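Thanks for coming. I have one chain to go through, and I will keep it short.

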Amino acid sequence: MNSAPPQTILIAPMGDFDSRLLSAVGREIERVFHAPVSVRPLLDDWSFAFDAGREQFHSTPILRRLADAAPLGVFKILALADVDLFIPILTHVYGEAQLGGKACIVSTYRLNAGSGIHCFSETTLARVTKEAVHELGHTFDLRHCPDPACVMHYCRSEADVDRKSSDLCRYCRVMLDDALR
Ligand SMILES: [Zn+2]
Ligand SMILES: [Zn+2]
């Protein structure tokens, strides 16, 4: 057998995304996770996750579909959505991840408040890349970090996201390096 271990991180856009955003997220992921990134949509319909009462999308079933659709050679999937996401115990989420699993998702809906999908500001780009790294970190089994500057810090507001860095603290970095080994 001559099969290389599966190692690509796939960015799966759900809808049309600015290529600037996709490449910014891709670069950050490669920098933090030291893994090659490819971009390819996996789902063409996510209406199954729509909750008509809340007029939002439940992220958990989307994660299951994504994990089921993982192509060969892809070990982690980050979906990027522009719809408002929720999990039942919260009014909304910026994203969700399968802890120690394969799939995670980030939505630009709240992080991009005020600007349209085709005119992301630098602030939005920074927020989305931080939350993308954060959710992917969960798929490598990283938990929430008490350090407010660490990218694994749990953020309740956009201001919290703006305040944290796009890097892991030393403790989380060691945990990630162990997971990547
Ligand atoms: Zn989190
Ligand atoms: Zn940390």
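How many helices and strands does the secondary structure of the chain come to? It comes to 5 helices and 8 strands, where helices (H or I, at least four residues) and strands (E, at least two) are DSSP runs, numbered from the N terminus. Along the sequence, the pattern reads β-α-β-β-β-α-β-β-β-β-α-α-α. The radius of gyration is 15 Å, close to the 16 Å from the globule rule for 181 residues, so the chain is as compact as a globular protein of that length. That radius is taken over C-alpha atoms, and the rule is 2.2 Å times the number of residues to the power 0.38.

Before the details, the conventions. This is a predicted model: local features need pLDDT of at least 70, side-chain atom pairs count only at pLDDT 80 or more, and totals for chains, interfaces and linings use all residues. Residues are numbered from 1 along each chain as its sequence is written, while chains are lettered from A and ligands numbered from 1 in the order in which they are written.

Now strand β5, residues 74–81. Of its 8 residues, 6 are buried, meaning 20 or more other C-beta atoms within 10 Å of a residue's own, with C-beta atoms placed from the backbone. For the whole chain, buried residues are 38% of the 181.

What does β5 pair with? Strand β1 (residues 8–13) runs parallel to β5, joined by 6 bridges; pairing takes at least two DSSP bridges. Here A12 is opposite A79 of β5. Strand β8 (residues 103–107) also pairs with β5 in the parallel sense, over 5 bridges, and there L80 has V106 as its bridge partner.

Definitions and conventions: Buried ≥ 20, exposed ≤ 12 C-beta atoms within 10 Å, placed from the backbone.
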